[in-house]
Structure formats: C-alpha cells, structure tokens
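I opened this model to look up a few local points. My entries follow, in the order I made them.

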Amino acid sequence: MIFLQTLSEILTAGVAITAFSLLLYALAFNLRDRVARSFAVIMACVVITSTAEAIGSTQTTLEAVNFWIRVQWVGVIFLPAAYLHFSDAVLTLTGRPSRGKRRWAIRLSYAGAVLFLFGLPFSFLLRSGLNTLGQTTYLQPTLITDLFMAVYVVAVILSWFNFIRAYRRTTTPTSRRRIFYLIFCSLAPALSCFPFLPYAPNFSVQHPILFWSGAVLVNLISGVLLVVMAYVVAFFGVSWPDRVVKVRLFKWIMRGPFTASVTLGLVTIIRRIGESFGVPYTALVPITMVACILLCEYLITIFSRVGQRWLFSGMARDDLDKIRTLQDQLLARDDLSQFLEAILATVSDRLQAQGAYIVGLNADGMELMVTIGKVKLREASPSAQGGAANAVLESATMVNDELLQRIAENDSVEHFQWGQDALFPLMNGTPEKPVLIGLLGVTNASSLSFDVEQHQAMRILVDRAAMALRDWRVQQKVFDSLESLSSQVSFIQKLRAAGQYDRMGALADEDHLQPESDLSNWVRDALTHYWGGPKLTENPLMNLKVVQDALNEHDGNHANALRAILRSAIDRVKPEGERRFTGEWILYNILEMKFLEGKKVREVALRLAMSEADLYRKQRVAIETIARVINEMEAQARKG
C-alpha cells in the first residue's frame, strides 16, 4: 500500500507537470485560436487541482493540509465552465457558431463558478474541520457541494453533447478521427479533478489496496489522455502541415513533461528510501536529479529521429526523410565561402602564390566571392541612393568590356594572363555550349610555368570550384522558385485547415479565412509588395485610421497612402546622421535594401556582411519594429 500511495503521489505530480507543459504549449503556439484558449483554461484548472493535491499530500500539519485541499477545489470549481467553453469553441469551429444560448450558458457557468469560489474559504461549500481516515484526509461536503456536483455533471454532459454535434458535422476522415479522439480524451480532466473522496471516504479504509490502485490507474490514464487531447487541439487554428505540428509537440512533450516527471519520480523514490533508513536527506538526491535530466536529454537527442519516424508512415515518412536530408545538406553562403577558401589555400600552396581569389558571374556583373592572401582588388562604393554595388569588382585591371571580351575569346583555354594575374575560367554547361560562371585568379602568377603535377592539381581545383559555384546557383534558383510558391502554398494550407472541420471552409476566400497573422505579418506582406501587388492593395492595414487620414494627401489612392505610411515608419527607425553600414543602421539598411530597393536576399546579405540566416532573423526584428511604430502612429491618429 505504501508503494501504491507513493506511486499515486508521483503520478499526480506528473499530471500537474504534463498539464502545465501543455498549458505553456497552447499559450506559445496557437493562442490566437479560441479552441486553444479554452483548452488552456482547462489545463489551468488541472494544474491547480493536481499541484495542490501533490503538495497537500506531503504536508504534515492540519492547517497546511486544509489550505491545499481548498486550493485544489479552485480548479474543480472552474472546470465545468471551462468544459462548456471548450466544447462550444470546438462546435463553432465546425461552422456552427452560437446563436446566443450557448454563449449565455458559458457566461452563467463562469458567473456561478465565481459564486462557488466565494463560498470556498467558509463553510458553505465545504465544512470546516478535517476528517482523517487511514492514509486519506478530506473535507465533508455540504448541500452547496451537492448542488455544485450536479452542475459539474450537467456541464460535462452538455459538453459531450456539443462534442457529438461537432463530430457529426465534420466530413473528412481525418477530422472525424480527431474529434473522436477529443470526445474520448475529454474524460481526462473530469477524471483527474473529480472529488471522489468526500463521497466515498470509507472505501479507502475498507479497501486500501483497491483504492490506491484505482488512484494510480486514474492518474496514469489521465496523463496519457491529456497528451492525446493536446495532440488533437494542436491542429486547431493553425495552417502548419501535420508533420510540423506532430514533431513540435513530440519534442515539447519529451523534453518537458516526460523529462520532468521521470526526474521527479526518481528523486522522490530516492528520498523516500533514505527516509526509511532514517536519513531524511541524502547526497544521491541532487546527483540523481542532474544525472536523470542529462540522461533523458541525451536519449531524446539520440532517439528523437526514431520517434519522429514512428509518428509518420508510408509517403509521409519518405517525405520527412527527404526534407531532413535537404535541410542537412543545404549549401549556405558560409559553407560555400569556407569551401572556396580551402580551394584557394590549396592553390596558393601548390603555386607558392601571394594570394588568390574567386569571382562569380551573375546578372549584375561580377561578384567577389572570396579572397585569400594579397589581392589587388577593391569593392565598389555605395551609390547615391544608399545601395551598394554588392562587391562587384570595378578596379581598372578587372571589370571592363575588354576583360569580358577576352574571356569570351578564351573560354576554351585552361588559364590566361590578365595583368600580373593568372585567370582560370570556371565553366558550366556542356562541352559544346560552355557557359562562364566565374573566374579563379592567382595574384602575380602570370609568369609562372606550371609543371605536370601543378597542372593536374589546378585542373582538379578549378573543376571543384566550378562545381561549387554551379551547385550554389542551382540552389538559389530552387530558393527563388520556393519563394514564388510560398503565397500559393500558404493559401492551400489555410484552405486545408479551414476545410477540415467546417464544410464551407474550402469555399472561403483568402480574405475571409481565419486570420493567423498580427500586425507584424500584415506589415511584412505590405512591404513584400511595396511597389505593387495584392498584399499591398488588399492589406488589412488599409483599415487603419492613420492610412485613411493620409488619403487626402494622395488623391484618394489607398496604395499610395499605405506606401507613404510605411515609408514614414521606416524613416522613424532611421538613425541620425549620414547613412552607414554599421550595427546601429542594420535594421534600416535591411528595410531599405530588401523592400524599398527590391534587392535579393543574397545581395543584401553580402553587402551587410552577414549570413542569409542571420539576415532573416534581423529582418524579422526590423518588421516587428515597423509594426510597433505603425501601432504608435495609429494610437496618435485616434487620439487626434
């Protein structure tokens, strides 16, 4: 019985940890969705109830036990209202919004919960004075308690009725399966929070083994059902692909409640064993805690991919492997630079040269990719509009029409002289139709005579440099294609999410889909189509008062008015003084170059000397800053 009691306490704490973790998950990822918000209220009730029960079971004074039992009832009191709220949100998601009755039922249930809460510190809801039977302690119920329990049961029944209605309204097999899971798993909060003990106190004394076995089973089932319930809710209100939701929730649960629950269980067992031998505290407690956390994190890292593969099957698993392989093998700008630097280092070592460099050819001209050692090249200065030449070589000995003509005439040779340098063409295409994609230059190597070994080594190094540039260009084309498809794919994902539970969701217009973005997302869309496009002309920012006030200055042209507001907001984040390419100017430079000048991501990243990944992070910060500025402008316009 002692073992079962200890296990029950551990599982109760585990339920509290799991509920709190799932509460944080709902608040972190899809708080804007009404279903997720109402689910968060249920999780908050479970957290309060389970935490108070776990803490109360460890107290030694009657005053402390009485306090934590009453705290436990706070979660129990609000759970029926949270159930009704959650079931109404699920039913509304299927295209059956409340016509007033359900809305008023939810309001009355919350108001009733507040009234019951006022009676909790006194003897209205629970009698004063603790009752102890065997290993259990409880407070005797009153007539008000019986009334509350009737409300509790009715609320759960009505919630199930709403769940069944939602199940009947869903049409796709996936949505019906998930609603079925939700109906079944919604038992978990009701089971874990229902106050059984005040209504059957003698059962724990007459059948202690059966009582504590039932407590263990209820806690175990409740923890599992809470996770499945959170799994279903995680798909509501988001347009992310299913694989993203599954992987994200899987990692969250394994690194959060699983690790914390296992650690707490082992620490509790070690401490109880020490107490049985008369040692209330042992050095094994912190050691076990640290070792368990590190071991769990290690095992999760090692076997996470196995778990992810278990979540998917068939084509989904194959697609996941392809996505992961693509992600692991993408050639970032830093990776390309490091590889080319290694090529140039080998070239300099083989030819005993003072320096070497590689330039790539693109639509804008010649771009300096990487240098090593001493090279006689300089970068272009910024233009009058603040743009940069993007490291295009314009020194007198490099970029001019004569050089390009010389390259065209010698596209079939392995290297040729240009000034004091030796240039090695980097070719793409077929032998019949070769295409020049770059040059490998060696400083002061025009007079060198290559022996057979050097000639063979240079041929290999030139081929590998050309291969790297070729793969880089192919990858950039893939990125450009993905960027052009992003809006259509996003629209498809939104339609998929809207049509899973609502029969009319697949017919919805893009503007009438459930908004998943906030002010920052609207600003990002408007900046993306700054010079024209539907994301600007049909942007929700058009409804802002500050934009409406600017219409008079732009002859009633909404697009020009919004464009002027965006320009004004960008100017407000501009530092004082002459424009520079330093840290304090980084946000303004990103906004100016990326959106107003329309430069490509790689061009902006190269000019600002940062990786593309870092540029995307800074760009997000810049857009959020503009959103805050526009919010302030809107507040000022409404006050005026």
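**Notebook: helices, cysteines and positive phi**

I began at the end of α10 and found that Gly278 follows this helix with a positive phi, near 80°. Helices here are DSSP runs of H or I of at least four residues, strands are runs of E of at least two, and both are numbered from the N terminus.

I noted how the entries are to be read: the model is predicted, local features need pLDDT of at least 70, side-chain atom pairs count only at pLDDT 80 or more, and totals for chains, interfaces and linings use all residues. Residues are numbered from 1 along each chain as its sequence is written, and side-chain values use heavy atoms, with hydrogens and water left out.

**Entry: α10.** I checked the length of α10, which covers residues 242-276. Its 35 residues should span 51 Å at 1.5 Å a residue, and the end C-alpha atoms are 49 Å apart, which agrees. The expected span is 1.5 Å times one less than the number of residues. I then looked for a bend, taken as the angle between axes fitted to the seven residues ending at a position and the seven starting there. A kink of about 35° lies at Ile253, shortly before Pro257.

**Entry: α20.** How many of the eleven residues of α20 are buried? I found ten, so this helix (residues 586-596) is largely enclosed by the rest of the structure. Buried means under 20% relative accessible area, exposed means over 50%, and partly exposed lies in between (1.4 Å probe, protein chains only). The buried residues include Asn589, Glu592 and Lys594, along with Ile586, Tyr588 and Phe595. After α20 comes Gly598, with a positive phi near 70°.

**Entry: cysteines.** I searched the whole structure for disulfides, meaning pairs of cysteine sulfur atoms within 2.5 Å, and the result was zero. Cys292 is in no disulfide, and its nearest cysteine sulfur, that of Cys296, is 4.0 Å away. Cys292 counts as buried, at 7% relative accessibility. Cys185 is also buried, at 3%.

Entry: Most residues other than glycine have a negative phi. I looked up two with a positive value. Gln352 has a phi of about 55° and sits in the loop between α13 (333-351) and β3 (355-362). Is Gln352 buried or exposed? I read a relative accessible area of 65%, so Gln352 is exposed. Asp555 has a positive phi near 55°, and its place is the loop between α18 (545-549) and α19 (558-572). Asp555 counts as exposed, at 77% relative accessibility.
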